[in-house]
Amino acid sequence: MNMILKAAALAFAPMTAIALASAPAAAQSKNGIAVVDIQRAVATSSAYTTARSQIQTTYKAQIDSFNARKNAIDADLRSKGTALEAAMKAAGNKPTPAIQTQYEAYQKAGQNGQAELQRLGQPIALANAYVEEQISAKLSDALKSAMTKAKVDLILSPDATVSYQPGVDITQQVVTELNALVPSVGITPPAGWQPGGARGQAPTPAAAAPAAPANPSQQPTSR
């Protein structure tokens, strides 16, 4: 979601700059600047919250399978990581061929686990991305409408500010506009659909990363 929303935010910045440059000074609002949390606006929109609930129901079997396998992979990696740390400690943190082999097996298990979780989570990740893209497509219109009604000329993200009064945050107004523009979205992508219209690799779901040894700077190397 962050990747789609960050791209949307970058698209809005030039639009705002052009509007400011072309508008006569006398016509610009005295209110000036407002703050919008774009990610929160999308996440709290009616379409998004409803779609998330539908995904939890429609893809329940896949979600349960993903979580069960992730827990098993995490447990296996923790066990392998603990055994590797113990072997390294017993060897005085000196690399040996046996420890190198054990370390490589640990790394391979982590890579295989990530690949498996990506495959299992692909339908869920695609459904989430499809929902987000449909809503994000209406963000520009929602922002324009909220800006007009709030009589502001420039929108900033919360991260771009040092401090601001609650009254300048018009995130809820953007949510209201989104709810009117896109009251609902589909959760099943068309065949072959990929985020951004590309037909490439699907978004990667959260996957189990290998647990690092206690001292990553002393990873074993064979000699």
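Trainee: Leaving aside neighbours within four places in sequence, which residues is Glu 116 in contact with?

Mentor: Good place to start, and keep in mind that this is a predicted model. Glu 116 sits in helix 5. Once its neighbours within four places in sequence are set aside, the residues in contact with Glu 116 are Arg 69 and Ile 73.

Trainee: What is the distance of the polar contact between the side chains of Glu 116 and Arg 69?

Mentor: A polar contact needs a pair of N or O atoms within 3.5 Å. The side chains of Glu 116 and Arg 69 make such a contact, and its distance is 2.6 Å.

Trainee: How far apart in space are Glu 116 and Phe 66, C-alpha to C-alpha?

Mentor: Along the sequence, 50 residues separate Glu 116 and Phe 66. In space, the C-alpha to C-alpha distance between Glu 116 and Phe 66 is 9.2 Å.

Trainee: Is Glu 177 buried or exposed?

Mentor: Glu 177 belongs to helix 7, which covers residues 171–181. Not counting residues up to four places away in sequence, Glu 177 touches Ala 142, Ser 145, Ala 146 and Lys 149. Buried means under 20% relative accessible area. Glu 177 has 11% relative accessibility, so Glu 177 counts as buried.

Trainee: And Leu 178: which residues does it touch, not counting those up to four places away in sequence?

Mentor: With residues up to four places away left out, Leu 178 touches Ala 41, Val 42, Ser 45, Ile 135, Lys 138, Leu 139, Ala 142 and Pro 183.

Trainee: Are helix 3 and helix 4 roughly parallel or roughly perpendicular to each other?

Mentor: Ile 55, Gln 56, Thr 57 and Thr 58 in helix 3 meet Lys 60, Gln 62 and Ile 63 in helix 4. The two axes come within 5 Å and cross at roughly 75°. Angles of 65 to 115 degrees count as roughly perpendicular. Helix 3 and helix 4 are therefore roughly perpendicular.

Trainee: Is Lys 151 buried or exposed?

Mentor: Lys 151 lies in the loop between helix 6 and strand 2 (154–156). Its phi is near 60°, a positive value in a residue other than glycine. Exposed means over 50% relative accessible area. Lys 151 has 58%, so this residue is exposed.

Trainee: What is the relative accessible area of Asn 93?

Mentor: Asn 93 is in the loop between helix 4 and helix 5. Here, too, is a residue other than glycine with a positive phi, near 60°. Asn 93 is partly exposed, and its relative accessible area is 42%.

Trainee: One last thing: what percentage of the residues in the protein is buried?

Mentor: The protein exposes about 12800 Å², and carbon and sulfur atoms supply 55% of that area. Of the 223 residues in the protein, the buried ones make up 33%.

Notes:
Residues numbered from 1 in each chain as written. Predicted model: local features only at pLDDT ≥ 70, side-chain atom pairs only at ≥ 80, totals over all residues. Heavy atoms only, no water. Helix = DSSP H or I, 4+ residues; strand = E, 2+ residues; numbered from the N terminus. Buried < 20%, exposed > 50% of the residue type's maximum accessible area, 1.4 Å probe, protein only. Contact = heavy atoms within 4.5 Å. Areas by Shrake-Rupley, 256 points an atom, 1.4 Å probe, with all protein chains shown as cover. Polar contact = N/O pair within 3.5 Å; in protein donor to acceptor, adjacent residues only side chain to side chain. Axes fitted to C-alpha atoms, helices over the stretch in contact; angles between N-to-C directions. Parallel < 35°, antiparallel > 145°, perpendicular 65-115°, else oblique.
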